[in-house]
Amino acid sequence: MEMNGDYLAEDGRDVILIEGLKAAAQIGILDSEKNRTQTVCFDIEMRTVAGYRRIVRETGAFVSYADAVEFIQQKAASGGHIDLVEDWAEAVAEFVLTNELVEDVSVKVTKPDIFEEASGVGIRIRRRRPSR
């Protein structure tokens with residue numbers, strides 16, 4: 001039986017994932033967090049616009065998880081202290097939404113080494129492309 005995908009109903013919105021990306025950064029607002037490097041973990045869900053697969057097929061344009069990974073790695077490598085995980089989450093969301101094929105994004109940023117009893121503490125934000 002040949003399957004060509006025509007039998008599938010396509011909502012056209014996919015979710016591009018980045019899970020458990022780790023970066024070393026100077027982050028935190030507490031004095032004990034100043035001038036030291038910590039591990040920061042990222043989970044990102046990029047929800048595409050309607051008709052995404054058709055757009056990819058017809059234009060070759062796509063959402064690249066590699067771009068978001070590179071953005072985070074460059075931000076971490078650039079040095080400098082980041083006060084809040086919230087600031088980093090906002091920066092990642094803003095960057096991801098520069099791709100017009102992304103309708104909304106969820107960014108989770110956690111610090112796994114803060115409490116021994118917790119696998120991580122941090123924030124999750126969801127941002128949406130403004131309606132036109």
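## Exercises: surface patch and aromatic pairs

Ile-29, Leu-30 and Leu-84 make a nonpolar surface patch of about 260 Å². The model is predicted: local features need pLDDT of at least 70, side-chain atom pairs count only at pLDDT 80 or more, and totals for chains, interfaces and linings use all residues. Residues are numbered from 1 along each chain as its sequence is written, and side-chain values use heavy atoms, with hydrogens and water left out.

**Exercise 1.** Find the place of Leu-30.

Solution. Leu-30 sits in the loop between strand 1 (15–27) and strand 2. Strands (E, at least two residues) and helices (H or I, at least four) are DSSP runs, numbered from the N terminus.

**Exercise 2.** Find the aromatic pairs in the whole structure and classify them.

Solution. Rings of Phe, Tyr and Trp (its six-membered ring) pair if their centres lie within 6.5 Å; planes under 30 degrees apart are stacked, over 60 edge-to-face, the rest tilted.

- Step 1. The search gives 2 aromatic pairs.
- Step 2. Phe-42 and Trp-88 are edge-to-face, at 4.9 Å centre to centre with 75° between the planes. This pair joins strand 2 (residues 38–48) to helix 3 (residues 85–96), 46 residues apart.
- Step 3. Phe-71 and Phe-95 are stacked, at 4.4 Å and 10°. Phe-71 lies in helix 2 (residues 65–77) and Phe-95 in helix 3, 24 residues apart.

**Exercise 3.** Assign Phe-42, Trp-88, Phe-71 and Phe-95 to an accessibility class.

Solution. Buried means under 20% relative accessible area, exposed over 50%, partly exposed in between (1.4 Å probe, protein chains only).

- Step 1. Phe-42 and Trp-88 are buried.
- Step 2. Phe-71 has 21% relative accessibility, so Phe-71 counts as partly exposed.
- Step 3. Phe-95 counts as partly exposed because its relative accessibility is 28%.

Note on methods
Patch = residues over 30% accessible without salt bridge, like charges linked within 9 Å, V, L, I, M, F, W, Y side chains within 5 Å. Areas by Shrake-Rupley, 256 points an atom, 1.4 Å probe, with all protein chains shown as cover. Salt bridge = Lys/Arg side-chain N within 4 Å of Asp/Glu carboxyl O.
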